[in-house]
Amino acid sequence: MTTTTVFLLIVAAFVAFILSFYQYLFKAKKKGKLQFFLAFLRFTTYFSIFLLLINPIITRKDFETVKTPLPVLVDNSLSIKELEQDSLSKKLYTKLLDDSKLNEKYDIQLFSFDEDFESGKTPDFKGTQTHIDQAVQNLKQLYRGSSYPVVMLTDGNQTLGNDYVYSFSQNTKVYPLVLGDTILYPDLKINQVNVNKYALLKNKFPVEVFVQYRGNKPLDAVFSISQGSSVLHKQNISFTNQKKSQTVTVLLSADQVGVQTYKATITSAEQEKNKYNNTKNFAVEVIDQRSEVAIIASVNHPDLGALKRSIETNKQRNVTILKPSEVKSLQDYNVLILYQPDITFKQLLEQNKVAELNTFTITGLSTDFNLLNKYQEQLNFRMTSQREDYSASFNSMFNLFSLDDIGFEKFPPLQHPFGTITLKSNANTLLGARTQNVDTGSPLMVFAEEGTSRTAFLLGEDIWKWRVEDRLNNDSFESFDVFIDKTIQFLASNSRRKSLVVNHESFYNSGEIISMTAQYFNKNYEFDENANLSIQLKNSITKTTKSYDFLKGNNEYRLNLDGLKAGKYTFTVKENSSNTSYSNSFEVLDFEIEKQFVNPDLTRLRQVAEKTDGVVYYPNQLDKLIDSLVKKEDYKAIQKEITQKSPLIDWIWLLVILVTTLAMEWFTRKYNGLL
């Protein structure tokens, strides 16, 4: 309280006294107890009012004893239960929490961790992942700037996050309490399987498997890959003290469309404590990208055979050469190659107005250009009967798909009628036309895309000479065949826009968080922020069905599923306002990473203790750990002085006194007939 405030209080008391004296005692004829009592009440009233007006700040000092925090981190993952340490872990952390001497010295707080970090929660040892690094980062935030010890009950086997050895800060001493049998048992383990998520039908795909052995004597094992009851690959593997890990690479055939599940297994005659880690399931989605290509021509030409051979170098393509009258149904094909269309193509072109198949049109000396002008809108032809030889010039700015210059300018010229060719729509020129080394300004090969329709034009015949020239120059047809394959691939890919787009994987590992995202577009193909998306999920084996709602995120709707058991699931995502839906399926593979461990990771726990000046303890040394922590002189309670400042106007009793004195004065005066 300042000097000014004290002075004002003295003045307030003096003024209150003068006023009450003047009103009740100065002119009073009779000065009895009643007058003195009323004067006292009036003095109290005036002084209370003056106190409220002055509003002095009252300072109060308290002292608080702050103990050093002692976080007890308990591993809540499934691996503790698999190592049969869950009951022991409960006994250990209960004893730590209940120890009177520890509680006297430290502020003990229980934390549990698996893939998440929880405070005060009783561990149930069902966590599907172990994220020690995340637990450490949370402790740093909670006890920022403090120096404290940490007791960590864990097996040290982390499955998520950064290496926790380097996570602890310098002012933290870590005392790992090791859970699990530290005796080294012989153990074979499939450590990792590397495989692409997708494979093409009728192709082979590589599988890379890392196999590990822990033991003290040489061991012969058998490695196999199976699908269902069929063994697809089998080989013997030998381990020694010098060679305890091996990499196995296998080529498997993609013979069936869809998600194909495989099992990698390593076995031996040795008795192992944990055989769960001897197998690992993996899956590959086999995609059928086969395209049916129809080459339609009313004339015979070497170009037809060259195109067929070039396209079919990709085993996913099948080519049929037909005359226009031989085409029965356009629905049997993915791409049409219209070779020099003439009047016999009229009915076919009419049919394709409805079928809307992508086309690759090759024009030449036998082409009916009036027919083409009528049935396509990309190019306008004004041709003469004069023939001309046109060489190619590569356009490096072409960007519809990636393609290298394979030496187009050195290829023999193509024959085509002389005339004017005008681009009518937003077409993209791959090759320009040159005659006698002079750029004509006309295209030689053009690609166009409008909505979902894609077209390509080659304005010249004798392309078979290009394939032969490629063979002469490079001793291979590969460069030319890749050029034709990319052309067909562009035409075979239709990117139709859907109003409901759902992104998900075809398979997940059990224990992982299964994440899906979805986008819903209105009729203008704008993202709809007010969509109501839900999913109905069905287990194909148990037939149980569950429903969930998507949550809106940033330009997408998101859903996380966890706790799904291994098996196949079908699902339907539905936008409830428009009834737009999307159906598909995925598979959850049987793989629980927390069941892979046989021993605690003693090496890392020792590194953590050494790096933080802590000590590794075992369950039978708990009393020694408690005694060590109690005797630690580094950690002492701190007494803090807490100063609290509060204005007198916040003191409710002053208002109560004011009201009471006014009421008493009024009743007293009323009772004595002074009013």
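Which residue in the turn of the β10 and β11 hairpin has a positive phi? I shall answer that in a moment, after one remark: what we have before us is a predicted model.

The residue is Gly-228, whose phi is about 65 degrees. The hairpin that β10 and β11 form leaves two residues between the strands. Strand β10 covers residues 219–227 and strand β11 covers residues 230–239; the two run antiparallel and are paired over nine bridges. One of the pairings involves Ser-226, whose bridge partner in β11 is Val-231.

Five strands make up an open sheet, ordered β8-β14-β13-β10-β11, with mixed pairing. The edges are taken by β8, residues 198–200, and by β11; each has a single partner strand, so one side of each has no neighbour in the sheet. On average, neighbouring strands here are turned by 30 degrees against each other, direction ignored. Within the sheet, β13 (residues 258–268) and β14 (residues 279–287) pair in the antiparallel sense, with eight bridges. Lys-263 has Asn-281 of β14 opposite it. As a general point, side chains in a regular strand alternate between the two faces of the sheet.

Let me now step back to the whole chain. The protein chain contains 14 helices and 33 strands. Why do we call it more spread out than a compact globule? The radius of gyration is 43 Å, whereas the globule rule gives 26 Å for 675 residues; the value is well over the rule, and therefore the chain is more spread out than a compact globule. The C-alpha trace spans about 140 × 80 × 55 Å along its principal axes. Of the 675 residues, 43% count as buried. If we take the contacts between residues at least 6 apart in sequence, 72% of them join residues at least 24 apart.

Thr-128 and Ile-593 are separated by 465 residues in sequence, yet their C-alpha atoms are 7.4 Å apart in space. Beyond the residues up to four places away in sequence, Thr-128 touches Glu-115, Gly-511, Ile-593 and Glu-594. With a relative accessible area of 29%, Thr-128 is partly exposed.

I turn next to the nonpolar cores. The largest has 37 residues, and those touching the most other members are Phe-408, Trp-466 and Phe-483. Helix α11, residues 478–492, gives the most to this core, contributing six residues. Phe-483 itself has contacts with Leu-403, Ile-406, Phe-408, Leu-430, Met-445 and Trp-466, when residues up to four places away in sequence are not counted. There is also a second, separate core of 26 residues, and among its members are Leu-188, Phe-205, Tyr-213 and Ala-221.

Is Ser-20 buried or exposed? Its relative accessible area is 3%, under the 20% limit, and so Ser-20 is buried. Ser-20 belongs to helix α1, residues 3–26. A polar atom of the Ser-20 side chain lies 2.9 Å from the backbone oxygen of Ala-16, and the side chain also reaches the backbone oxygen of Phe-17 at 3.0 Å. Apart from neighbours within four places in sequence, Ser-20 contacts Leu-25, Ala-39, Arg-42, Phe-43 and Tyr-46.

Setting aside residues up to four places away in sequence, Ser-506 touches Val-259, Glu-285, Phe-586 and Glu-587.

I shall close with the backbone. Most residues other than glycine have a negative phi. Against that background, Asn-555 is not a glycine, yet has a positive phi of about 60 degrees. Asn-555 lies in the loop between β29 (551–552) and β30 (557–561), and is partly exposed, with a relative accessible area of 44%. Asn-579 likewise has a positive phi, near 65 degrees. The place of Asn-579 is the loop between β31 (567–575) and β32 (580–589).

Note on methods. Residues numbered from 1 in each chain as written. Predicted model: local features only at pLDDT ≥ 70, side-chain atom pairs only at ≥ 80, totals over all residues. Heavy atoms only, no water. Contact = heavy atoms within 4.5 Å. Helix = DSSP H or I, 4+ residues; strand = E, 2+ residues; numbered from the N terminus. Buried < 20%, exposed > 50% of the residue type's maximum accessible area, 1.4 Å probe, protein only. Polar contact = N/O pair within 3.5 Å; in protein donor to acceptor, adjacent residues only side chain to side chain. Pairing = 2+ DSSP bridges. Core = buried A, V, L, I, M, F, W, Y, C linked by side-chain atoms within 4.5 Å. Axes fitted to C-alpha atoms, helices over the stretch in contact; angles between N-to-C directions. Rg over C-alpha atoms; globule rule 2.2 N^0.38 Å.
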